[in-house]
Amino acid sequence: MFKSVNQKNLIIIVLATLLILSLVLLVFVYVTPEKARPLSKAKPQATAIVSKGTVSSTVELPGTIESQSKTEVPIPIPGGSKGVITHVYVNPGENANFCQPLVEISGRPVFALVGDFNLYRNIAQGDRGRDVFQLQRALQQCGYQVSADGEAGIHTATAVRRMYRRSGYDAPKTDEGTNSVDEGAGGQGANASDKKSKWEEARAADEPVLLSQSEVIFLPAAARLLSNLSVGAEVGGDTKLQFASGKKVVKLELTATQISKLEPGMKVTLKAGQWLAETVVSALPDTPEKAKDGQDDAEPHFLLRLPAPGAPDEQNIQCSFTKGSEKIYPLTVPQVAVHFEGDKTFVFVRAKEGTKKVPVQVEQSGDGQVAVRGHLKVGQKVLLDVDPK
């Protein structure tokens, strides 16, 4: 009997123990587990590999693309008259093609020719002068067979007519004392009204005409159009076309602090939109620009110009100056791995026996990377997030 009671008591004790353990387990698993079973919040330490490499630094500065020279040329419209742009041949940023039209005004072309000055009169066959000589030289550069003798003879007249026909226009008439276009002409000016406009009457003032001064612009050299021309726009005698010639450059206005970060020989990456190029700083300005009137107290600034062949016209540009050499340093580490304590410099290295504090000397620093000397080996891991204290 006692044996039976003891067995029952033992069973009850075991069941009670199991029940208590189950309740404790439920508390740990389902009730505030972070309090019941706190987890370690220690983060793994970030490391980097000691490696060979180059070290460089970059300075970002804004600049502006510009041409070495700009020219403004008035549209040759007879005084007091106005015209309407009826066709555009050259868009902003494109080169003006000599002996070809730049624009069509009121149904008639305005050609671009190479020369130092615009015509001051309509040229007729038999005319002589420097303007005729300039016209002949311009025609020669376009491949026309003419003599540059300063007299508008039959060969000059033939070349001018061919220039017009190649562009789909008829040259001005010379047999009826008018500059109007022949009826049935195949050029784009053939749709002009039969009734003479003030524009046409003004151009017919001097006759007979071989080349009208209102249908040609002379440019001193190969040039790019900067002006934006729109079909339907009205133009008058005060309307000017802006051209850019010469090599393109990047202009930077720098403070003394900014220029102190640069040095000759630095590589420069130029970026404007999708356009990308590289150049080198050949020299730095050593004297600041003169202050403008009323800005005597302004901070001195220096003008730096860099070559930018092929760059888009008149745009802002980002210039990245890179300082560094092709030298490969035997030991480089991230800058955040280097710590300073007084006049001493050191890094923390992960080793089998724990973390070691290794003194180093900094040779060169750059964009987030440092070249060092010390008892390090390529492949070792340095700690990045260690508090030296």
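## Surroundings of A96

A96 touches L102, A112, L219, A223 and F243, leaving aside residues up to four places away in sequence. The structure discussed here is a predicted model. In it, A96 sits in the loop between β4 (83–88) and β5 (100–105). Its relative accessible area is 8%, so A96 counts as buried, the cut-off for buried being under 20%.

A96 and F111 are 15 residues apart in sequence, and their C-alpha atoms are 9.2 Å apart in space.

## Nonpolar cores

The largest nonpolar core holds 24 residues. Within this core, L113, L139, M163 and Y164 have the most contacts. The elements that contribute two or more residues are β6, α3, α4 and β7. Of these, α4 gives the most, with five residues.

Y164, one of the residues with the most contacts inside the core, touches R108, P109, F111, Y169, D170, A171, P172, L211 and E215, again not counting residues up to four places away in sequence. Another core lies apart from the largest one and has 22 residues, including V59, I65, V250 and L304.

## Salt bridges

Side chains of opposite charge can pair when their charged atoms come close. The model has six salt bridges, counted where a side-chain nitrogen of Lys or Arg is within 4 Å of a carboxyl oxygen of Asp or Glu. One of them joins the side chains of R108 and E215, with an N to O distance of 3.0 Å. This pair links distant parts of the chain, 107 residues apart: R108 belongs to strand β6 (residues 108–114), while E215 is in the loop between α5 (198–203) and β7 (216–219). R108 and E215 are both buried, and Y164 touches both R108 and E215.

A salt bridge also forms between the side chains of D131 and R121, at 2.6 Å from N to O. D131 lies in helix α3 (residues 130–141) and R121 in the loop between β6 and α3, so this pair ties together parts that are 10 residues apart in sequence. The two partners fall into separate accessibility classes: D131 is buried, at 0% relative accessibility, whereas R121 is partly exposed because its relative accessible area is 22%.

## Further charged pairs

E151 and R128 meet through their side chains in a salt bridge of 3.4 Å, N to O. The pair links distant parts of the chain, 23 residues apart, with E151 in the loop between α3 and α4 (154–166) and R128 in the loop between β6 and α3. E151 has a relative accessible area of 32% and is therefore partly exposed. R128 counts as exposed because its relative accessibility is 59%.

## A nonpolar surface patch

I11, L15, L18 and L21 form a nonpolar patch on the surface. Together these residues have about 410 Å² of accessible area. L21 lies in helix α1, which covers residues 2–30. With 53% relative accessibility, L21 counts as exposed, since exposed means over 50%.

Terms used. Residues numbered from 1 in each chain as written. Predicted model: local features only at pLDDT ≥ 70, side-chain atom pairs only at ≥ 80, totals over all residues. Heavy atoms only, no water. Patch = residues over 30% accessible without salt bridge, like charges linked within 9 Å, V, L, I, M, F, W, Y side chains within 5 Å. Areas by Shrake-Rupley, 256 points an atom, 1.4 Å probe, with all protein chains shown as cover. Helix = DSSP H or I, 4+ residues; strand = E, 2+ residues; numbered from the N terminus. Buried < 20%, exposed > 50% of the residue type's maximum accessible area, 1.4 Å probe, protein only. Core = buried A, V, L, I, M, F, W, Y, C linked by side-chain atoms within 4.5 Å. Contact = heavy atoms within 4.5 Å.
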